[in-house]
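Here is a short report on a structure for someone meeting it for the first time. Look over the sequence and the model, then read on.

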Amino acid sequence: MDEEPERAKRWEGGYERTWEVLKEDEFGSLKATVEEILFQSKRKRALESHGQVRLGMMRHLYVVIDSSRTMEDMDLRPNRLKATLKLMEAFVEEYFDQNPISQVGLITTKNKRAEKLTELAGNPKKHLAALKKARDAACVGEPSLYNSLNLAMQTLKHMPGHTSREIVVIFSSLTTCDPANIYELIKTLKSLKIRVSVIGLSAEVRVCTVLTRETGGTYHVCLDESHFKELLMFHVKPPPANAQSECSLIRMGRCAHVCFSQTLKHSQTHLDSTSEVGLSLGGYFCPQCHAKHTELPVECKICGLTLVSAPHLARSFHHLFPLEAFRETPLEELPADRFCHACQGKLKDKIVFTCPFCSGVFCTECDLFIHDSLHCCPSCINSQHSN
Amino acid sequence: MASEDELNLLVIVMDVNPIWWGQQAQREPEFTLSKCLDAVMVMGNSHMAMTTTNRLAVISSHFQDSHFLYPCKNWTGGDGAWDGTMDEAPYCGDGKYELLSVANNVVAEEMKRVMSTTEMKGNSTDTLLAGSLAKALCYIHRMTKELEAGQEMKSRILVIKTAEDCARQYMNFMNVIFAAQKQNILIDACVLDSDSGLLQQACDITGGLYLKIPQKIALAQYLLWVFLPDLEQRPQLVLPPPVHVDYRAACFCHRNLIEIGYVCSVCLSSWGALSDPVHTGEWGGPRANLLHGLCLLTFILLMLGFLPGVQLVEGVFDVHHDGLVVILQT
């Protein structure tokens with residue numbers, strides 16, 4: 001279990017002259033170089049694709065947030081905890097946007113204990129409310145990696161085999177206080193096929209390295225706030241599925257929204273919450289038991305059927321048919337006065353992008369927009385031979 | 001009173017399928033493409049006349065390609081490339097009239113050019129609506145990036161649809177709809193002939209209005225009444241109620257519309273009954289996604305089977321340990 005990969009540590013390599021990357025142009029300004037660096041990092045994100053691999057579409061993810069004493073450090077503004085919670089709100093929204101039929105749960109750890117903030121749920125509202133409330137919590141004591149992983153594992157081990165079970169730990173302390181041997185727990189996690197990834201805020205901790213290596217997750221330590229956001233958003237995309245995970249058929253019901261003008265009914269989801277008025281005019285009815293719900297996707301409380309609507313499933317299609325990266329061509333190779341095929345703007349950048357299938361030419365902004373949000377090439381679908 | 005810092009961009013996507021318009025000219029000679037274009041330009045002029053900061057763009061959607069009719073300032077012949085920048089007329093009292101007449105002339109000229117120079121290539125006659133919407137979204141994205149500091153822009157897209165839906169565009173259409181929803185862009189739909197399931201879904205997801213017009217001659221009135229007000233004014237008006245959208249999918253095995261069914265966890269295809277032989281075989285690793293992609297694609301084609309008259313393919317899938325065998329039955 002303990003074979004270290006052959007990887008040199010940073011201090012073992014030679015000196016790195018990072019200042020040589022920046023070059024001044026003839027006016028002494030660094031703007032071009034900085035833009036080039038930003039542009040390369042944007043492109044790198046767009047180019048990461050898994051290829052022909054099965055993806056885990058239905059995900060059960062627990063996020064463990066360290067709330068120990070070190071989170072009051074002010075190296076991330078205003079302090080680490082508040083910065084983390086703010087990024088987590090953006091993460092939850094983006095996560096449900098990309099994985100509409102998945103679920104997420106939140107756990108915090110402090111004072112050598114672990115506590116569940118929210119249960120695994122498929123709707124973002126509860127998580128966002130809990131994250132807002134957690135901003136006022138105090139950060140005391142030491143975290144306990146063992147307890148938080150154990151708490152997550154108790155729920156995840158009951159999840160069906162065709163879903164992906166993941167834990168993401170945001171760990172800022174350099175110590176952990178565990179009641180038992182954590183290496184045994186790592187073995188158990190590995191046998192249950194739970195993938196644990198860690199985002200460190202302070203420095204690399206060996207036990208996290210072993211944990212992520214054994215369970216097949218990733219471990220990164222953030223450099224600054226934007227890097228932290230990038231690392232967190234990396235977990236939004238569905239990961240490649242485990243080789244042993246089964247594929248099976250899940251029973252689901254499809255609902256359409258129905259509005260009633262006269263009758264008012266209690267919604268099943270509102271019966272549990274005490275802060276809202278429980279009557280609403282429209283809603284979604286379970287096709288099996290006709291219980292009313294206000295939001296989707298949800299598991300019907302009466303009969304247990306998973307309820308989705310067709311757009312939820314359609315949202316995940318672009319993961320199954322990813323768009324290929326466009327080729328870069330310098331502007332000089334094209335005839336003069338060409339226009340971007342998508343936005344009809346004049347091409348001004350030095351580098352333009354060409355679709356390998358239809359040879360449509362696009363500017364930089366359109367290329368980013370197409371790969372991030374649109375997921376289909378506008379000139380390919382404007383030709384008759386598209387499918 | 002809108003402030004100077006808030007811009008409203010309206011993009012009108014017009015379906016100019018020549019096959020449908022040709023048949024329409026024979027069915028109802030009093031409502032032709034030129035009358036429809038007149039009504040659309042009345043709507044466009046009214047939009048630009050509401051506030052000085054309103055902007056307009058018009059795209060024509062053909063079965064060959066989508067063209068920007070307006071803005072289109074200089075264009076050179078040949079490949080049709082043109083300068084897409086807006087006219088630099090100042091927004092003062094005199095300039096307003098010129099802007100409207102310039103817009104009308106440019107749209108009329110460009111429409112004539114599009115209809116006369118487009119040749120029939122290939123044999124598909126379905127309007128490329130998804131492509132036009134994608135171009136509209138990219139244009140809106142560029143306009144948003146080109147704003148000065150402190151200005152905000154609200155955009156919406158109005159689709160005027162004539163011909164029938166094309167089932168092959170379902171996937172691209174859904175991608176475009178989700179991209180629009182993410183950017184908070186409304187998609188409104190004004191349907192002249194037959195109901196369109198895709199546009200109903202688009203309006204439902206993005207929060208726009210869907211209307212099937214009972215009398216085509218009164219198009220201008222419907223456009224001005226229903227589609228001219230923007231998002232803030234709509235709750236104060238009595239507008240047509242939202243349409244009930246049928247989100248049920250056709251199952252893979254028997255092509256029945258199902259409410260409760262089984263969804264594959266890998267490729268998200270729907271099945272009606274558990275006794276299908278699909279999942280008794282083993283799925284290969286790296287090819288699994290491709291095979292699932294194939295069955296998903298056919299599923300999508302089958303899914304729109306609830307549209308009248310769309311009979312694409314009936315298939316039974318039989319999976320063995322080494323591959324996917326598709327038995328097509330007609």
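## Cis peptide bonds

Pro78(A) sits in the loop between β1 (59-66) and α2 (80-98) of chain A. Helices (H or I, at least four residues) and strands (E, at least two) are DSSP runs, numbered from the N terminus. A cis peptide bond joins Arg77(A) to Pro78(A), with omega about -15°. Chain B has a cis bond between Tyr70(B) and Pro71(B), with omega about 5°. Pro71(B) lies in the loop between β3 (66-70) and α3 (93-117) of chain B.

## Basis of the model

This is a predicted model: local features need pLDDT of at least 70, side-chain atom pairs count only at pLDDT 80 or more, and totals for chains, interfaces and linings use all residues, while side-chain values use heavy atoms, without hydrogens and water. Residues are numbered from 1 along each chain as its sequence is written, and chains are lettered from A and ligands numbered from 1 in the order in which they are written.

## Chain A overall

Chain A has 12 helices and 17 strands. Of its 387 residues, 48% count as buried. Buried means under 20% relative accessible area, exposed over 50%, and partly exposed in between (1.4 Å probe, protein chains only).

Contacts count heavy atoms within 4.5 Å. Among contacts in chain A between residues at least 6 apart in sequence, 63% join residues at least 24 apart.

## A hairpin

Strands β2 (residues 103-110) and β3 (residues 113-121) of chain A run antiparallel and are joined by 6 bridges. Two strands pair if DSSP finds at least two bridges between them. Ile107(A) has Lys116(A) in β3(A) as its bridge partner. β2(A) and β3(A) form a hairpin with 2 residues between them. Asn111(A), in the turn, has a positive phi of about 55°.

## A three-stranded sheet

Another part of chain A holds an open sheet of 3 strands, in the order β15-β16-β17, with antiparallel pairing. β15 (327-330) and β17 (361-362) of chain A stand at the edges, each with a single partner strand, so one side of each has no neighbour in the sheet. Strand β16 (residues 351-354) of chain A is joined to β17(A) by 2 bridges. Thr354(A) has Val361(A) in β17(A) as its bridge partner.

Arg338(A) is in the loop between β15 and β16 of chain A. Arg338(A) is partly exposed, at 22% relative accessibility. Arg338(A) and Phe362(A) are 24 residues apart in sequence and 10.0 Å apart in space, C-alpha to C-alpha. Ser359(A) is in the loop between β16 and β17 of chain A. Ser359(A) is not a glycine, yet its phi is positive, about 55°. Ser359(A) is partly exposed, with a relative accessible area of 45%.

## Where the chains meet

How do helix α11 (residues 364-374) of chain A and helix α5 (residues 170-182) of chain B cross, and at what angle? Their axes come within 10 Å and cross at roughly 100°. Axes are lines fitted to C-alpha atoms, for helices over the stretch in contact, and angles run from 0 to 180 degrees between N-to-C directions. α11(A) and α5(B) are therefore roughly perpendicular (65 to 115 degrees; under 35 is roughly parallel, over 145 roughly antiparallel, the rest oblique). Asp372(A), Ser373(A) and Leu374(A) of α11(A) make the contact with Asn175(B), Val176(B), Ala179(B) and Lys182(B) of α5(B).

His375(A) lies in the loop between α11 and α12 (378-381) of chain A. His375(A) counts as buried, at 17% relative accessibility.
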